Amino acid sequence: MSSVLQTRTAGTPSNSEGDGAPAGASRRPPQGPGSTARRRARTGWLFTSPALLVVAAVTIFPVVFSVVLSFSEVRLEYGGLRLGSPTLAHYEALLTHSEWYQALAFTLGFTVVSVFVELVLGTLTALVLERLGAARGWILSLLLLPWALINVIAAQLWAYLFNGTYGAVSWLCEELFGTQPDILGQPVPAMAAMVAVDVWKTTPFVAIVVLAGLMLIPGDVYEAAEIDGANGWTTFWRVTLPQLRPIVAIAVLFRILQAFGIFDLPFVLTQGGPGTATQSVAILGYRILFQNLDFGGGAAVAVTTAVIVMGCCLLFLRVFRAHVDEGGRA
């Protein structure tokens with residue numbers, strides 16, 4: 001009887017043998033999708049950590065350091081900067097100074113006017129480019145020339161054109177109207193000239209962004225509008241413009257950030273003059289920080305400007321989202 005049992009036991013394969021695993025080996029628990037996702041997340045963090053460290057070094061640290069400087073008594077000594085006790089004196093001096101409000105008013109006005117004009121002209125240019133055929137590439141290349149120029153070089157070029165003695169614009173005004181105005185020497189003409197130069201340089205960027213959005217709109221949407229009997233104007237307002245809202249929002253956000261931080265254009269054209277008529281908040285911060293060596297005051301200008309820009313962008317996004325939600329419910 002025992003021999004029969006031994007034979008049967010020897011002839012019957014164990015579970016481990018049937019599974020192809022050696023006897024006595026511990027089976028590995030199967031890995032679920034959760035563990036795989038966690039392993040991939042750890043690998044992703046490992047590979048992106050160098051880039052995150054660079055971003056923290058060149059972005060986060062300067063922002064934090066500027067905030068610390070704006071709330072500290074800063075003294076320039078032989079060994080470098082020395083931070084004193086916390087204080088609100090820099091913000092009090094900034095908010096009670098009329099020059100800050102003048103610079104802020106000019107920057108806000110310049111941003112609103114230039115971005116609005118560039119958005120209108122860029123959208124019209126993109127609509128024209130969409131209907132072109134083989135000539136579209138050549139025209140796009142020509143449009144990119146102003147945008148590709150370095151800002152300082154473009155500003156210096158227009159400074160020669162607006163010069164009151166030998167400038168081409170002044171000469172043209174004298175030929176047409178019999179007078180040779182000093183465009184950059186008067187507040188209102190200087191502001192208008194600055195807006196014109198910025199529109200000339202940055203409208204191609206808006207046109208290219210809007211054109212990319214137009215190329216992504218499916219053609220069956222226009223076919224459905226044509227079947228419904230919509231004319232060109234109705235199709236633009238009811239079909240094209242709602243489809244372009246995300247692209248337009250991106251273009252406007254980029255332009256707000258760039259226009260609000262304008263420095264090189266007024267610095268080259270007018271040095272912020274005449275007087276302080278075209279002094280932007282960036283030029284004001286430059287003069288406080290580098291000319292007056294007031295590091296705390298310059299940091300206060302930078303932090304206040306960043307807060308205002310962030311508030312404007314958040315307000316724009318909220319209004320844009322409300323319009324999108326309203327259009328979706330309609």
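**Notebook: nonpolar patch, hairpin and a buried valine**

I started at Ile60, which is found in helix H3. Helices (H or I, at least four residues) and strands (E, at least two) are DSSP runs, numbered from the N terminus. I am working on a predicted model, where local features need pLDDT of at least 70, side-chain atom pairs count only at pLDDT 80 or more, and totals for chains, interfaces and linings use all residues. Residues are numbered from 1 along each chain as its sequence is written, and side-chain values use heavy atoms, with hydrogens and water left out.

**Confidence**

I checked pLDDT (the predictor's confidence in each residue, from 0 to 100). The protein chain averages 82, and 87% of the residues score at least 70. Helix H5 (residues 98–130) has the highest mean, 92, and helix H1 (residues 2–11) the lowest, 42. Over residues 1–25 the pLDDT is below 50, and this stretch has four contacts in the model beyond near neighbours in sequence. Contact means heavy atoms within 4.5 Å. Where pLDDT is low, the predicted coordinates should not be read in detail.

**Nonpolar patch**

The classes are buried under 20%, exposed over 50%, and partly exposed in between (1.4 Å probe, protein chains only).

Ile60 belongs to a nonpolar surface patch of about 790 Å², along with Phe61, Val64, Phe65, Val68, Leu76, Leu81, Leu83 and Leu293. A patch takes residues with over 30% relative accessible area and no salt bridge, joining nonpolar side chains (Val, Leu, Ile, Met, Phe, Trp, Tyr) within 5 Å and like charges within 9 Å. A salt bridge is a side-chain nitrogen of Lys or Arg within 4 Å of a carboxyl oxygen of Asp or Glu. Helix H3 (33–70) and strand E2 (80–86) each supply at least two residues. H3 gives the most, with five.

**Hairpin**

I moved on to strand E1 (residues 72–77), which pairs with E2 in the antiparallel sense over five bridges. Pairing takes at least two DSSP bridges between the strands. A two-residue hairpin joins E1 to E2. Ser72 is in E1 and stands opposite Pro86 in E2. Ser72 is buried because its relative accessible area is 8%. Leaving aside neighbours within four places in sequence, I listed its contacts: Leu83, Gly84, Ser85, Pro86, Thr87 and His90.

**Val252**

Last, I looked up Val252 in helix H11 (residues 232–260). Val252 counts as buried, at 8% relative accessibility. Which residues does Val252 contact, leaving aside its neighbours within four places in sequence? I found Val115, Leu119 and Phe316. Val252 and Val115 lie 137 residues apart in sequence but 7.0 Å apart in space, C-alpha to C-alpha.

Note on methods
Accessible areas come from the Shrake-Rupley method with a 1.4 Å probe; for residues, only the protein chains shown count as cover.
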